[in-house]
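This briefing is meant to be read beside the sequence and the 3D view that follow. Please keep both open while going through the points below.

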Amino acid sequence: MKFKKIVAAIAAAAMAVSMTAISAFAATVEIDTESPGSWSSSGKGIKKADLEAVGGDIRIVLTVEIYDPLGLGDQFLVNPIDYDNGWVSQTDFITSDTVVAKTDGWICVPQDATTIEFVYPASAIAALGDDGLCFSSQNVIVKSAEYELASAPQGEVVRVSDQEGKDYCFGKYDPRGGAATEEAAPEETAEEAPAADDGAATTPAATGNVPAAVMISVMAVAGTAAVATKKRK
């Protein structure tokens, strides 16, 4: 009888861990399915109340699509804005390891990009209007915004001039290396490539999911208890 109770406890613990992991996934907000127009915004975004509910700095990943049906676009841009308070750019507040922005706050989107990632601090959320963080764009459709609690700030946003930003959009300029991408060094051959470091460790993304180790620990403890119960019989 006691053994059956232990088995039931294992099942309940496993279910609790699983449910916690599912509930910790990031939320996603659908934004636009078509272009809102040139240098415009639909006013859709992540509501202030939803941002505040996260309870800290927020990692945001935008899913984007280049919109240039006539092939005449000279740049592809997105700007996170406070829609309720004069469309004030929020780029000055964000951190990002990948974002490149012009000095006026417009984020430059590479022609082949499908996402934009940055961290938006809790300190900036308080000043937003109720519509929260919205997005203006030029030749880009912001399709959705996925957001979750950030594990830490990212790097400082790289700033470029207007022309550098345009060149970056078309892969003609690397603001981190300062050279045109078509002039990149030849690829390494298989013999020249450095050997992989078998001892290197990787850090999992901070998605808020419950680690697998927790599940293993629950099962291990319960299994020990089961063995002890059998021995007492």
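Ser-137 is found in strand 9 (residues 133-138), where strands (E, at least two residues) and helices (H or I, at least four) are DSSP runs numbered from the N terminus. The model is a predicted one, in which local features need pLDDT of at least 70 and side-chain atom pairs count only at pLDDT 80 or more, while totals for chains, interfaces and linings use all residues. Residues are numbered from 1 along each chain as its sequence is written, and side-chain values use heavy atoms, with hydrogens and water left out.

- Ser-137 is buried, with a relative accessible area of 2%; buried means under 20%, exposed over 50% and partly exposed in between, with a 1.4 Å probe and protein chains only.
- Leaving aside residues up to four places away in sequence, Ser-137 touches Pro-36, Gly-37, Ser-38, Trp-39, Ser-40, Leu-77, Val-78 and Trp-106, a contact being heavy atoms within 4.5 Å.
- Thr-91, placed in the loop between strand 5 (88-89) and strand 6, is buried as well, with a relative accessible area of 1%.
- Among the residues that Thr-91 touches, not counting those up to four places away in sequence, are Asn-79, Pro-80, Ile-107 and Arg-159.
- Gly-155, in the loop between strand 10 and strand 11, counts as partly exposed at 23% relative accessibility.
- The C-alpha atoms of Gly-155 and Asp-97 are separated by 4.8 Å, although these residues lie 58 residues apart along the chain, and Gly-155 also touches Thr-95 and Ser-96, again not counting residues up to four places away in sequence.

- An open sheet of four strands runs in the order 1-10-3-8 with antiparallel pairing, two strands being paired if DSSP finds at least two bridges between them.
- Strand 1 (27-30) and strand 8 (115-120) stand at the edges with a single partner strand each, so one side of each has no neighbour in the sheet.
- Strand 10 (residues 140-149) pairs with strand 1 in the antiparallel sense over four bridges, in which Thr-28 has Glu-146 as its bridge partner and Val-29 has Ala-145.
- Strand 3 (residues 58-66) pairs with strand 10 in the antiparallel sense over nine bridges, and Arg-59 stands opposite Glu-148 of strand 10.
- Because seven of its 10 residues are buried, strand 10 is largely enclosed by the rest of the structure.

**Helix 4**

- In helix 4 (residues 162-169), the buried residues include Gly-165, Lys-166, Tyr-168 and Cys-169.
- These residues cover an arc of only 160° around the axis, which puts them on the same side of helix 4; the arc is that of the directions from the helix axis to the C-beta atoms.
- The cover over the buried residues of helix 4 includes strand 6 (100-102), strand 7 (107-108) and strand 11 (158-160).
- Gly-171, which follows helix 4, has a positive phi near 70°.

**The second largest pocket**

- The second largest pocket holds about 160 Å³ of space; on a 1 Å grid over the protein atoms alone, a pocket is an open set of points where a 1.4 Å probe fits, with protein on both sides within 12 Å along at least five of seven lines, and lining residues have an atom within 4 Å of a point.
- Its volume is the space filled by probe spheres set on the points, which are joined across faces, edges and corners.
- Among the residues lining this pocket are Val-100, Cys-108, Pro-110, Glu-117 and Tyr-168.
- Strand 7 and strand 8 each supply at least two residues of the lining, and strand 8 gives the most, with three residues.
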